[in-house]
Amino acid sequence: NNGFVVIADATPYTVLAANSGKLHIISEQTASITINLPVWAAGLQYEFVMGGVATEAQNYVFVATTPSFFNGGVHWADLNSVASNTAVVYGNGTSHLTFTIVTPAIGTNVKVYATTGGEWLLQATAVSDSTPTMA
């Protein structure tokens, strides 16, 4: 039993509750990938990293199922900024079910923790030309 899971080139991908605590390495994708989190249960936790070599041409779309939602935030490192601009994108704490990273680059890392009240606490670093979004 490895301490990691490799997410092959496929969409959608369903995260298994049994893989809680394991690192998930996202392989190079030929299309944007939807990563569906399992039904929320207290104590579940996952980490996702880009397994590519530079910049992925595809998007990563993380989806939580209702009634759970994303809270927390994303540190965004803008590759287009000469001044190494960084910004933070926050969840609204009540209804965001989708988190998208557009064309991530190496260094992108997403962690989600099932905390209290159906909340997936999101802590991420998105290295990309485009602002990550929550909806």
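Trainee: What does methionine 50 touch, not counting residues up to four places away in sequence?
Mentor: Methionine 50 touches Ile26, Thr55, Glu56, Tyr60, Pro104, Ala105, Ile106 and Thr108 on that count. Contact means heavy atoms within 4.5 Å. This is a predicted model: local features need pLDDT of at least 70, side-chain atom pairs count only at pLDDT 80 or more, and totals for chains, interfaces and linings use all residues. Residues are numbered from 1 along each chain as its sequence is written, and side-chain values use heavy atoms, with hydrogens and water left out.

Trainee: Where is methionine 50 placed?
Mentor: Methionine 50 is in strand E5, residues 45-50. Strands (E, at least two residues) and helices (H or I, at least four) are DSSP runs, numbered from the N terminus.

Trainee: Is methionine 50 buried or exposed?
Mentor: Methionine 50 is buried, because its relative accessible area is 6%. Buried is under 20% relative accessible area, exposed is over 50%, and partly exposed is in between, with a 1.4 Å probe and protein chains only.

Trainee: How far apart are methionine 50 and valine 63?
Mentor: In sequence they are 13 residues apart, and in space 17 Å, C-alpha to C-alpha.

Trainee: Now the core. Which residues have the most contacts inside the largest nonpolar core?
Mentor: Phe48, Phe70 and Phe99, in a core of 29 residues. A nonpolar core is a set of buried Ala, Val, Leu, Ile, Met, Phe, Trp, Tyr and Cys residues joined through side-chain atoms within 4.5 Å. Elements that give two or more residues to this core include strand E1 (4-7), E5, strand E7 (69-78) and strand E11 (119-128). The largest share, four residues, comes from E11.

Trainee: And what surrounds phenylalanine 48?
Mentor: Beyond residues up to four places away in sequence, phenylalanine 48 touches, among others, Ile7, His24, Ile35, Phe62 and Val112.

Trainee: Let's zoom out. How many helices and strands are there?
Mentor: The chain has zero helices and 12 strands.

Trainee: What order do the strands take in the seven-stranded sheet?
Mentor: The order is E1-E3-E5-E10-E11-E7-E8, in an open sheet with mixed pairing. Two strands pair if DSSP finds at least two bridges between them. The edge strands are E1 and E8 (86-90), each pairing on one side only.

Trainee: Which pairings can I check by residue?
Mentor: E1 and E3 are parallel over four bridges, with phenylalanine 4 opposite leucine 23. E7 and E11 also run parallel, joined by 10 bridges; there phenylalanine 70 stands opposite tryptophan 120, and phenylalanine 69 opposite glutamate 119. E7 and E8 run antiparallel with five bridges, and alanine 77 has threonine 86 in E8 as its bridge partner.

Trainee: What about the five-stranded sheet, what is its order?
Mentor: E2-E4-E6-E9-E12, open, again with mixed pairing. Strand E2 (13-14) and strand E12 (133-134) each have a single partner strand, so one side of each is left without a neighbour in the sheet. E4 and E6 pair in the parallel sense over four bridges, and isoleucine 33 stands opposite tyrosine 60 in E6.

Trainee: Last topic, overall dimensions. What does the C-alpha trace span?
Mentor: About 40 × 35 × 20 Å along its principal axes. Of the 135 residues, 41% are buried. Among contacts between residues at least 6 apart in sequence, 64% join residues at least 24 apart.
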